[in-house]
Each structure stands twice: as C-alpha cells, then as structure tokens.
Amino acid sequence: MDFNLTDEQQMLRETVRQFAENELKPKAEHYDRTHEFPMEHVKKLREMGIMGIVYPEEYNGAGMDYVSYAIAVEEVSRGDASTGVIVSAHNSLCLSPIYYFGSEQQKKTYLSRLTTGEWIGCFGITEPEAGSDAGGTKTTAVLKNGSWVLNGTKNFITNGGVSQIAVVTAVTDKGIGHKGLSFFIIEKGTPGFSVGKTEDKLGICASSTTELVFDNCAIPEGNMLGKRGDGFKIAMHTLDGGRVGIAAQAVGIAQAALDTAVVYAKDRNQFGKPIADFQAIQWMIADMATEIEASRLLVYKAASLIGTAERQRYSKFAAMAKLFASETSHRVTHKAIQILGGYGYVKDYPVERFYRDARVTEIYEGTSEIQRLVIASNVLREY
Ligand code: CAA
C-alpha cells in the first residue's frame, strides 16, 4: 500500500490549486452573489483537460486516472464549490454512462465533444415524485415510427440550463418497476425538449439547477443508451461515480473553510493573545483537520475502485466517501463560522458561503440516509 500520490497526480494538484487560487477564489463571491453561470471558469478548465479528465485520448479525453479526477474536483471546489459541481456532474453523470454503456457510434458522436468541454452535459433521473426512490420515474418513452417519444419532467438537474446533451431515464415498459426503465441521450434543440424552472438555491448559487421538460419530444431510436430495461442499473452505476465526485467537492469546501479559520485564528487577538493560542480553538482545528484527512483518504480509496470489476465494494466505498466527506464538510464549515464568530456570520469573509455550499453535499446524488442504506445493504451481504 502506497499513500503517496504519483508525480503526475502531485503535478496535477499543484496546477489546479494554482488555477483555483488565482482565478476561481477571487471571483467566487461575485458568482455567488449574482448567480451567474461561471462560463469563463469552464473555458479555462477545458483548456486544462479537466472537462474530460479520465476519458481515453481516442475520445479526446486527458486519459488520467480517477484519483486524479478526485484531486481536480477537490482543488476546483476549494476555489469555488459551484464550479466544482459543474465539473463533477459533467464528468461523472453525463460522460460516464456514455463511456461505459454507449455504442461506438454514440461515443464518437457525443463523448468526443463532451470530453473537450465544447459541449456541457447533464444527467436527469430526479423527478417531482422520484427523488430518493429513483425507480419511481414517471417520464415515459414510447417507440413510434422509429423514434422514441418522451413525455415528462425532470427536476433539480445540475447543468440543466447550459447543457447541449442530457442523459435521462424514462419508463419504456410499464408495470415492472425499475426493470421497465431505459436510458436516453437527448440533444439541446430537439423539438419538444425545453429547460423549465431555474432553482434559486441556498448555496452553490453559480451552478445551473433547472427542470428539463419533455413534451412529445421525439428522438432517434438509436439514442437509447445501453439496452432496453437497463436504465435503472445504468443510473445506479453512474451515481456510484458521481458520489465520489461530490465527496471530493465536500473535501474541497471543508479544506477552504479550515484554511480561512486557521489564518483568522492566528491573526485575531482576544484577551491579549491570538485566539489560536486557546485550547478551545485548537481542539476545533484538530478535529477539522483530522476529519478532512480521513475524508480525503476515503475519497481516494473509492476513486481507486472506479472502473474496476469490484462493483459492490466500489458502491459501498463511494457511499462511505460521500456520507463521511459531506457530513465532515458540514461540521467543518460550522466550526469555521464558530472560530470567526460574528465575522463568520457576515459576508465579509467566505465561511458563510462555505457553510451554505457544503449543505447540499448531504443531499444531492443521494441523501446521507440513502448512503447509509447503500452501505448497510453491502455490509449485511458481506456476512
Ligand atoms: N450499480 C449497478 N446496479 C445496481 C446498483 C449499482 N450501484 N445498485 C443497485 N443495482 C441494481 C440491483 O442489483 C438490482 O438489480 P436486480 O433487479 O437485477 O436484482 C436493481 O438495481 C435494484 O436494486 P435495489 O433493489 O437496491 O433498488 P431500490 O429501488 O431499493 O433503490 C436505492 C436503491 C439505493 C434507494 C436507489 O434508488 C438510490 O440510490 N436512490 C437515490 C437516488 C439518488 O441518488 N438521486 C440523486 C439524483 S442525481 C442528482 O442529484 C443530480 C445532480 O444533478 C447533482
């Protein structure tokens, strides 16, 4: 077992960290306040190869490993959590199912333009009545004259308003539960496909979160991804990878909160000395640093299993990483506000934003309750 990063991973961390420090961090407050989508950030991440980081060079990807992916998402999120989820949802949720389940033709047509970031992608399984119960999908797809005709609404879709490509689940065979779901690729501009309501969120305010509406939307028969009836399993496989991305995002947010709290604690004087000299503050800093490091190791462990044959271990570790890192991010950002006191509660410092941004990591791509369910069912099977 080697706990050291490779030279390539280390170099990537330094490059993305510099980028985040110089370009993301100074503008994060602006994008949080205006709710504008940070397209300038995405353009630069394209140039760095981050929008297709793990996909093979034959599909224009950067061909790096999944630990590198986790490092990139963490460092981007340390600079700006909204940009972190844009990168994570694009790579893990849209590109991954096309790469793992798409035909050669689908990979050439779609993946090769998504990996360069020329196109941004999104993933739609959530619906007004199908959240944690991902199999409760109501959107339908009916085969008519050589086209799949989709009807229904997806909601809470990250990158929804800016994507050229959406991958979504729909019911193709009613009455057989999750076995009746299939997966489809839909291009922006297809008649009957539109973006609905844009959500006004507590945190990650610069990321686009919208509804996707399908109203007699006809797509070519060949736009089914994988086999008819495999939609639920493709969605679950995809979410395993997505959860590692969100866990990495949570680590990045927590690290940014610790960075700010430590600098503040060394600088802020009360009772005649820096507050960092008080044990009450030191214990908080010790807990924050320890939990962040433990989260990071879980993220690396889960990332190292992506794409391997160990599907069940990977599902379990992805859920563990997401659960622990997101709850750590909540605790760490809470403590960062406590250390800054009144200054932590106002917008002059970024920790109130970190707290708001961290909260959703316990919700999207499966709530903490769902992660516990996945972990428990895997552990129970092991005995
Ligand atoms: N990979 C592949 N197949 C899987 C799998 C996985 N990780 N997990 C389960 N399956 C398979 C099972 O083997 C089973 O197959 P069979 O029918 O052949 O036996 C089938 O799928 C059904 O499995 P379950 O009985 O376990 O399914 P369930 O209905 O009980 O649901 C669940 C399980 C864990 C609760 C699941 O519904 C779930 O993960 N829910 C949460 C959904 C979620 O994370 N939503 C977030 C939306 S995405 C998002 O937030 C978007 C964004 O933009 C950020």
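Residues are numbered from 1 along each chain as its sequence is written, and side-chain values use heavy atoms, with hydrogens and water left out. As the model is predicted, local features need pLDDT of at least 70 and side-chain atom pairs count only at pLDDT 80 or more, whereas totals for chains, interfaces and linings use all residues.

The ligand sits in the largest pocket (an open set of points on a 1 Å grid over the protein atoms alone, where a 1.4 Å probe fits, with protein on both sides within 12 Å along at least five of seven lines; a molecule sits in a pocket if more than half of its atoms lie within 2 Å of its grid points). Because domain 2 (121–230) and domain 3 (232–382) both give residues to the shell around the ligand, the ligand lies between them; domain bounds come from an automatic or database domain assignment.

Among the 26 residues around the ligand, those that come nearest are Ser132, His178, Lys179, Lys233 and Asp240 (a residue is near if one of its heavy atoms lies within 4 Å). Helix H6 (231–267) is one of the elements that supply at least two shell residues, and H6 gives the most, with seven (helices are DSSP runs of H or I, at least four residues, numbered from the N terminus).

A ligand oxygen atom is 2.8 Å from a side-chain N or O atom of Thr158.

Technical notes:
Polar contact = N/O pair within 3.5 Å; in protein donor to acceptor, adjacent residues only side chain to side chain. 1 Å grid on protein atoms, 1.4 Å probe; cavity = no way out; pocket = protein on both sides within 12 Å on 5 of 7 lines; lining within 4 Å.
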